[in-house]
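Look at the sequence and the structure first, then read the points below.

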Amino acid sequence: MKTLQTTFFFFVFVPLVNTAPSIQQESLQFYEYETDVTMRSLIQQDYEMQSKDIRKDGTNVSLDISLRLQGDDSERNVPPTKDTNLPTCLLCVCLSGSVYCEEIDIEAVPPLPKETAYLYARFNKIKRIAVSDFADITTLRRIDFSGNRIEEIEDGAFSKLLLLEELSLAENRLLKLPVLPPKLTTFNANQNRIKSRGIKANAFKKLTNLAYLYLGHNALESVPLNLPESLRILHLQYNNITTITDDTFCKSNNTRYIRTRMDEIRMEGNPILLAKHVNAFSCLRTLPVGTYY
């Protein structure tokens, strides 16, 4: 008797999946420089499209593809401003309230978009700041002119900047200080040529928000008068200060007075022995840095 053998065939249908290659999104490269951000990739394409100079105020200004731009971390990933057609925004970079004009050899403050809040114009060749430079820009909160050649600032150049909180004029050629806006919290005038006669007696008295004051590496013969109670950091190192009084930091007529907010005073590099003026520090929580013996 024959046995019937049956063979069964099984077919398995496997659907074909067409896996598409992942989309590679172009990412922006950010390079930190001190507390700022360089965003070269944001502007390189625009600069490469420019084959000729931009004519500005009757002079030709060459575009520099290697321009380095610096800003703080809070200003990343922001869209361009509405005023990108301005010549300034072709030479510099304008990013939603911030204008970066660093290391491009400009000799004057460029016209700014009206909504500008942060201006970075470090390491240029600016020699003078005029009242007209900021006459229509009342939204500024921070200005950095470090590393220029500024010798003159017109009276009232900053008077309309009622929102300005941070101003740096470090590494310039100033002989005197301008009138400062009332809401400043930080003022840096390190490494200038400022003498005591170049600072008015009440220059800082009404700056009730001023916390950080940097006047190191100048030519001051005395500590500025009427320093506000709000001060936390005061740098006066490497000047020509030869004397201080009991009223310089404290109040000679009030032995209970304590300057509670002052955390640091630097006076090293001055021709003064601080040990001879111990009563001048009686209201301070910490002694100034400097030479005592």
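**Salt bridges and a sheet**

R266 and E268 form a salt bridge, with their closest N and O atoms 2.3 Å apart. A salt bridge here is a side-chain nitrogen of Lys or Arg within 4 Å of a carboxyl oxygen of Asp or Glu. The model is predicted: local features need pLDDT of at least 70, side-chain atom pairs count only at pLDDT 80 or more, and totals for chains, interfaces and linings use all residues. Residues are numbered from 1 along each chain as its sequence is written, and side-chain values use heavy atoms, with hydrogens and water left out.

**Exposure of the R266 pair**

- Buried means under 20% relative accessible area, exposed means over 50%, and partly exposed lies in between (1.4 Å probe, protein chains only).
- R266 has a relative accessible area of 26%, so R266 is partly exposed.
- E268 is at 14% relative accessibility and therefore counts as buried.

**Other salt bridges**

- By this rule, the count comes to 10 salt bridges.
- Side chains of opposite charge can pair when their charged atoms come close.
- R128 forms a salt bridge with E152, where the closest N and O atoms are 3.3 Å apart.
- This pair links distant parts of the chain, 24 residues apart: E152 is in strand β10 (residues 152–153) and R128 is in strand β8 (residues 128–129).
- Strands (E, at least two residues) are DSSP runs, numbered from the N terminus.
- R128 also meets E154 in a salt bridge between their side chains (2.1 Å, N to O).
- Because R128 lies in strand β8 and E154 in the loop between β10 and β11 (166–168), the pair ties together parts that are 26 residues apart in sequence.
- E152 counts as partly exposed at 40% relative accessibility, R128 as partly exposed at 38%, and E154 as partly exposed at 24%.
- A network of salt bridges links E102, R122 and D144.

**The sheet**

- An open sheet of nine strands has the order β5-β6-β7-β9-β11-β12-β13-β14-β15, with mixed pairing.
- β5 (93–95) and β15 (264–266) stand at the edges with a single partner strand each, so one side of each has no neighbour in the sheet.
- Two strands pair if DSSP finds at least two bridges between them.
- Strands β12 (residues 186–188) and β13 (residues 212–214) run parallel and are joined by three bridges.
- F187 has L213 in β13 as its bridge partner.

Note on methods:
Helix = DSSP H or I, 4+ residues; strand = E, 2+ residues; numbered from the N terminus.
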